[in-house]
Amino acid sequence: MIIRGFIKEVGQTRDWTDKNGEQKQSVKLTLAIPYVSKEGKEHSDELIAEMTFGNPEFLDSLKRTCEAGEKCELHVGFFLSEWNGKKIQNIRVFNLSKLIV
């Protein structure tokens, strides 16, 4: 799914190992997705998503984008998983590009 919005917050990173034994890093992102209601009022939804990145420079770029309040186009996927008998929805950001407006 493609959504347009802003990075509201760049959270903590975490290191992990994939099933092939490769070291990976992910970061939690709080996303603000603006919309206009039927009454014409502006609102925004917040999503907490995770994004895997390959180098520290990309993380710095995410932080700069957040601080500048730049609008982005985000390619996201929604996944359901089960843990201890509870269903949990995970959101993963696969790709992010800045919009030129």
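**Exercise 1.** Find which residue is the bridge partner of Asp 15 in S2.

*Solution.* Start with the names. Strands (E, at least two residues) are DSSP runs, numbered from the N terminus. S1 covers residues 2-17. S2 covers residues 23-36. In S2, Asp 15 has Gln 25 as its bridge partner. Nine bridges join S1 to S2, and these strands run antiparallel. Two strands pair if DSSP finds at least two bridges between them. In general, strands of a sheet pair through backbone hydrogen bonds, either parallel or antiparallel.

This is a predicted model: local features need pLDDT of at least 70, side-chain atom pairs count only at pLDDT 80 or more, and totals for chains, interfaces and linings use all residues. Residues are numbered from 1 along each chain as its sequence is written, and side-chain values use heavy atoms, with hydrogens and water left out.

**Exercise 2.** Give the order in which the five strands close into a barrel.

*Solution.* The order is S1-S2-S3-S5-S4, with mixed pairing. Next, take the angle. Neighbouring strands of this sheet are turned by 40° against each other on average, direction ignored. Axes here are lines fitted to C-alpha atoms, for helices over the stretch in contact, and angles run from 0 to 180 degrees between N-to-C directions.

**Exercise 3.** Decide whether Ser 26 is buried or exposed, and find its side-chain polar contact.

*Solution.* Second, check the area. The relative accessible area of Ser 26 is 1%, so Ser 26 is buried (under 20% relative accessible area; exposed is over 50%, partly exposed in between; 1.4 Å probe, protein chains only). Third, look at the side chain. A polar contact of 2.8 Å links Ser 26 to the side chain of Trp 16. Such a contact is a pair of N or O atoms within 3.5 Å; within protein, one must be able to donate a hydrogen and the other to accept it, and residues adjacent in sequence count only if both atoms are side-chain atoms.

Methods. Helices (H or I, at least four residues) and strands (E, at least two) are DSSP runs, numbered from the N terminus.
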